[in-house]
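Here is a short report on the structure below.

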Amino acid sequence: QVQLGESGGGLVQAGGSLRLSCAASERLFSSRAMAWFRQAPGKERDFVAAISRSGGIIYYAGSVKGRFTISRDNAKNTLYLQMNSLKPEDTADYYCAASYSGVPTRTPVAREYEYWGQGTQVTVSS
């Protein structure tokens, strides 16, 4: 069983930055691709960024490419999402997820991910 816990969300003005963290409880973290998804009120859960188990393969959603950076520290069992140049449309609950496999697909979807955190809220004011 993998337990995931996100932190780092909050309220920020447009143009600001936040860094999300996701701590994993299990040593198998290093064998799994990881991803960030987000869900705005009344909308579906959307892919944000994904990273392979080694960190060598990374994919981003077009809406965040160039502004967000996903990274991982396998020694610390921790996943990160650095979010810069935040926009009001980035407002959502952000979830980290652990894949069934070690390599993400190019267009990740939620059903490819086995374990999920409880989410952390990000609010960007205009």
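## Largest pocket

Strand 5 gives the largest share of the lining of the largest pocket, three residues. Strands (E, at least two residues) are DSSP runs, numbered from the N terminus. The pocket's volume is about 150 Å³. Its lining has 14 residues, and Arg38, Ala40, Lys43, Asp46 and Glu89 are the closest to its centre. Strand 4 and strand 5 are the elements that give two or more residues to this lining.

A pocket, on a 1 Å grid over the protein atoms alone, is an open set of points where a 1.4 Å probe fits, with protein on both sides within 12 Å along at least five of seven lines; lining residues have an atom within 4 Å of a point. Points are joined across faces, edges and corners, and the volume is the space filled by probe spheres set on them.

## Basis of the model

This is a predicted model: local features need pLDDT of at least 70, side-chain atom pairs count only at pLDDT 80 or more, and totals for chains, interfaces and linings use all residues. Residues are numbered from 1 along each chain as its sequence is written, and side-chain values use heavy atoms, with hydrogens and water left out.

## Nonpolar core

The largest nonpolar core has 35 residues; Leu4, Trp36, Leu79, Leu81, Met83 and Tyr94 touch the most other members. Several strands supply at least two residues each, including strand 3 (18-24), strand 4 (34-39), strand 8 (78-83) and strand 9 (92-99). Such a core is a set of buried Ala, Val, Leu, Ile, Met, Phe, Trp, Tyr and Cys residues joined through side-chain atoms within 4.5 Å. Buried means under 20% relative accessible area, exposed over 50%, and partly exposed in between (1.4 Å probe, protein chains only). In soluble globular proteins, nonpolar side chains tend to be buried together.

What does Tyr94 contact beyond its neighbours within four places in sequence? Its partners include Leu20, Trp36, Phe37, Phe68, Leu81, Met83 and Val122. Glu6 and Arg38 are also among them. Contact means heavy atoms within 4.5 Å.

## Aromatic pairs

The whole structure holds four aromatic pairs. Rings of Phe, Tyr and Trp (its six-membered ring) pair if their centres lie within 6.5 Å; planes under 30 degrees apart are stacked, over 60 edge-to-face, and the rest tilted. Phe37 and Phe47 pair edge-to-face, 6.0 Å centre to centre with 70 degrees between the planes. Phe37 is in strand 4 and Phe47 in strand 5, 10 residues apart. Both Phe37 and Phe47 are buried.

Phe37 also pairs edge-to-face with Tyr113, at 5.4 Å and 70 degrees. Phe37 lies in strand 4 and Tyr113 in strand 10, so this pair ties together parts that are 76 residues apart in sequence. Relative accessibility is 1% for Phe37. Tyr113 is buried too, at 4%. Ring pairs link Phe37, Phe47, Tyr113 and Trp116 into a cluster.

## Charges over rings

Arg19 lies over the face of Tyr80, 4.0 Å from the ring centre. Arg72 lies over the face of Phe29, at 4.5 Å. A charge sits over a ring if NZ of Lys or CZ of Arg is within 6 Å of the ring centre and within 35 degrees of the ring normal.

## Positive phi in loops

Asn77 lies in the loop between strand 7 and strand 8. Its phi is near 50 degrees, a positive value in a residue other than glycine. Asn77 is buried, with a relative accessible area of 16%. Not counting residues up to four places away in sequence, Asn77 touches Cys22, Ala23, Ala24, Glu26, Arg27 and Phe29.

Ser85 is in the loop between strand 8 and strand 9. Phi of Ser85 is also positive, near 50 degrees. At 41% relative accessibility, Ser85 counts as partly exposed.

Notes:
Helix = DSSP H or I, 4+ residues; strand = E, 2+ residues; numbered from the N terminus.
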